[in-house]
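Here is a friendly walk through a structure, written for someone who likes to know the cut-offs. Have the viewer open as you read.

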Amino acid sequence: MLTLLNDYVDGALAPELCTALETHLAACQNCQIVLDTLRKTVYLVQQLPEAPVALPEEVEQRLFAALALADFL
Amino acid sequence: MTIPPIDLSIYADEEALLQGLRRGERHACACMLKHFASRVYAVALRMMGDPQEAEEVLQDTFISACKNIAHFESRSSLATWLHRIAVNAALMRLRKRKRYEVSIDAPIETLEGEDIPRQIEDWRHYPADRLLDAETRQVLQEAIAALPETLRTVYVLRELEGYSTQEAAEMLHISENAAKVRLHRARLALREQLTPYFAGHVAPEAAV
Ligand SMILES: [Zn+2]
């Protein structure tokens, strides 16, 4: 079931299995919730790299030092 | 707040910066660090799930980049090239780490009963504008970092770093099917972890 749901989320499920899954989903609230929250999880994570990550100042200092470039800071 | 004593904006564009790097100019190297270090650090953090090891990957990456700049082909951008070096540096550290660890991992290439969803609370109606606020991002990042390493590496390569399942499998020297199973398990594990957080935050009137 979970492989099915994952493949479905990826759009990688064979058409006949899609139909079977959709028939089941229409009648099963729990699977619907799992599918929707799984899909949301995938979507949320894919947005993450857009978020800026701050380089901690001491990490930057040690990086410049490791490359003998500390005089540029 | 430190003010750079030397002007780092002397390179008009990436091409000029590259020429400086190829000539071995220290300015150019410092400039590259200033521009790309935070992005490389972000990749390293995602791959390693640990700030200290991420910092080591960050340093590995730029030491290697400065040494190998002659091999850089302008077909890709500098950012793409650095990304690939960072991923490779992270993979190398992960392999090294594994060698000193006694493997206590159960075989994980099959989906077992433990993967059955336990949390069925409904957070489908979680307010969309709050889905990606800073707090939520933090929760997500921590949840990813907390995944077991075998799951996290496939997951990060595939879902965050832009590689296909097949490419991720090759990079990790595992079969494509194993990579797929790990990817699925990672997603499910994340969903399980996020569910109590989101379900606890759904406003009662928003839940249908
Ligand atoms: Zn069901």
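## A question to begin with

Leaving aside its neighbours within four places in sequence, which residues is Thr165(B) in contact with? They are Arg158(B), Glu176(B), Ala179(B), Lys180(B) and Leu183(B), where contact means heavy atoms within 4.5 Å. Thr165(B) sits in helix α7 of chain B, residues 165–172; helices (H or I, at least four residues) and strands (E, at least two) are DSSP runs, numbered from the N terminus. Thr165(B) counts as buried because its relative accessibility is 13%, and the cut-offs are under 20% relative accessible area for buried, over 50% for exposed, and partly exposed in between, using a 1.4 Å probe and protein chains only.

## How to read the model

This is a predicted model, in which local features need pLDDT of at least 70 and side-chain atom pairs count only at pLDDT 80 or more, while totals for chains, interfaces and linings use all residues. Residues are numbered from 1 along each chain as its sequence is written, chains are lettered from A and ligands numbered from 1 in the order in which they are written, and side-chain values use heavy atoms, with hydrogens and water left out.

## Chain B

Chain B has eight helices and zero strands, giving the pattern α-α-α-α-α-α-α-α along the sequence. Of its 208 residues, 44% are buried. Taking the contacts in chain B between residues at least 6 apart in sequence, 66% join residues at least 24 apart.

An automatic or database domain assignment divides chain B into domain 1 (8–94) and domain 2 (118–207). Their C-alpha centres lie 27 Å apart, and 10 residues of domain 1 are in contact with 11 residues of domain 2. Between them the two domains bury about 950 Å², 60% of it on carbon and sulfur atoms; buried area is the accessible area (1.4 Å probe) that two parts lose on being put together, summed over both.

## Helix α3 of chain B

Helix α3(B) covers residues 51–67, and its end C-alpha atoms are 24 Å apart, which agrees with the 24 Å that its 17 residues should span. The expected span is 1.5 Å times one less than the number of residues. At the start of α3(B), a side-chain oxygen of Asp50(B) comes within 3.3 Å of the backbone nitrogen of Gln52(B). The buried residues of α3(B) include Val57(B), Leu58(B) and Phe62(B).

## Zinc and helix α3 of chain A

The zinc ion has His24(A) (NE2), Cys28(A) (SG) and Cys31(A) (SG) as its protein donors, at 2.1 to 2.3 Å. Donors are N, O and S atoms within 2.8 Å of the metal (3.2 Å for Na, K and Ca); water is not among the atoms, so sites may look incomplete. Along the chain the donors follow the spacing H-x3-C-x2-C. His24(A) is partly exposed at 35% relative accessible area, whereas Cys31(A) is buried at 14%.

Cys31(A) is also one of the buried residues of α3(A), as are Leu38(A) and Leu44(A). The buried residues of this helix pack against α1 (2–9) and α2 (15–27) of chain A, together with α5 (134–145), α6 (149–160) and α8 (176–199) of chain B.

## Where the chains meet

In the interface, 40 residues of chain A are in contact with 51 residues of chain B. The two chains bury about 4,300 Å² between them, 70% of it on carbon and sulfur atoms. Leu44(A), Leu48(A) and Phe72(A) supply 16% of the area that chain A buries against chain B, more than any other three residues.

Notes: Polar contact = N/O pair within 3.5 Å; in protein donor to acceptor, adjacent residues only side chain to side chain.
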